[in-house]
Amino acid sequence: MTHLPLDDVRVIELGQLLAGPFCGQLLGDFGAEVIKVEDPGRGDPMRQWGREKPHGKSLWWPVVARNKKSVTCDLRTRQGQDLVRKLVAESDVLLENFRPGTLERWGMSPAELHAINPRLVITRVTGFGQTGPYAPRAGYGSIGEAMGGIRYVTGDPSLPPSRAGISLGDSLAATHACVGTLVALHERDRSGRGQVVDSAIYEAVLAMMESLLPEWQQAGYQRERTGPVLPNVSPSNVYPTRDGDAILIAANQDSVFTRLAQVMGAKELADDERYATHGARGENMDELDEIIAAWTAGHPADELLRLLHDGGVPAGRIYTAKDMFADPHFAAREAIVNVPHPDFGEVAMQNVVPKLSGTPGRVRSAGPALGQHNEEVYGGLLGLTPEEVADLSTAGII
């Protein structure tokens, strides 16, 4: 491989925390030159986020800022705004996740930026989008998860709505923003014009909610929290093993359930009218789960998985990070990579997804130090002299 698929794309990333920067991470993974603009005093708050901080350093930052260049710039000053305008003139994408109206207050509305560079794609990630009555509100990922519907259906039905242990709303909005950016770049190749990509967290979550809306509109059915199962999808649950482990089995398709019944030595289950079809199994899922659990509880986990896999039944353990590091499939596909880091020596992180056969992305560097690329970008790309760069630094602009 001689090149990366997006290595002809330059992205100016103005966002912070996660929703915007994760979009920048995805673009950078496939070769885009992502120039991250940070506040000179403290940088992106993500540099301090995370529970574990070896050497006083965030373990989140090396991942979300990987493959990026860091420059410092005070966007609240006229000189700082002028620097961004100069960067815009040399770039393909401006990525930001400020509250709507922030760029406009700084004299960098889409119209003003397109006057500088008509081919610029402006990707904006917010809680509620750029328009509508809620647009001015502060919007974090958790609020978008609640409004978009996923919080209501997540968790045990006897408890209040739960959440995933990750920033799901931010990541979904960022992923959709990345898709929108690539679509806009493709359209620009045909039209010669850039456009605005407007990714709202609540809409990105809503987009993942399957048939929730027509179920209510057409049938008056409200999805509720159902713990580890989906209503009327059976068998698809977590089952006990003889050695105290738990195995997830997903055999809700008719042909797969037939295979499960054969593995269980209970072929008659596949012909029983209570379990023979997807709909019937859904209606009788509790009693079917009891039958399967009684069978799985008689086998240790390793033996159970061997039987299921040999029989063509989807099944697996519920992994922790420790399990991932030990798994041969993760290793064979290089799902985890070790990236050189000045403080950690090497830091492990998830590899680039998806895999491309001809021009795959790759992790080229961990998150940079604050302002690490000031001279390269301001001096090399914008052509400022060393004295000009030094003056901007002394004045606190960069």
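**A walk through a predicted protein chain**

The accessible surface of the protein chain comes to about 20,100 Å², and 53% of this area belongs to carbon and sulfur atoms, with areas taken from the Shrake-Rupley method with a 1.4 Å probe. This is a predicted model, in which local features need pLDDT of at least 70 and side-chain atom pairs count only at pLDDT 80 or more, while totals for chains, interfaces and linings use all residues. Residues are numbered from 1 along each chain as its sequence is written, and side-chain values use heavy atoms, leaving out hydrogens and water.

The chain has 18 helices and 11 strands, which are DSSP runs (H or I, at least four residues, for helices; E, at least two, for strands) numbered from the N terminus. Of its 398 residues, 46% are buried, where buried means under 20% relative accessible area.

A search of the whole structure finds 5 aromatic pairs. In one of them, Phe128 and Tyr202 are 6.3 Å apart from centre to centre, with 40° between the planes, and the pair is tilted; rings of Phe, Tyr and Trp (its six-membered ring) pair if their centres lie within 6.5 Å, and planes under 30 degrees apart count as stacked, over 60 as edge-to-face and the rest as tilted. Phe128 lies in the loop between strand S5 (121-126) and helix H6 (141-148) and Tyr202 in helix H8 (residues 201-206), so the pair ties together parts that are 74 residues apart in sequence. Phe128 is buried, with a relative accessible area of 8%, and ring pairs link Phe128, Tyr134 and Tyr202 into a cluster.

Notes:
Buried means under 20% relative accessible area, exposed over 50%, partly exposed in between (1.4 Å probe, protein chains only).
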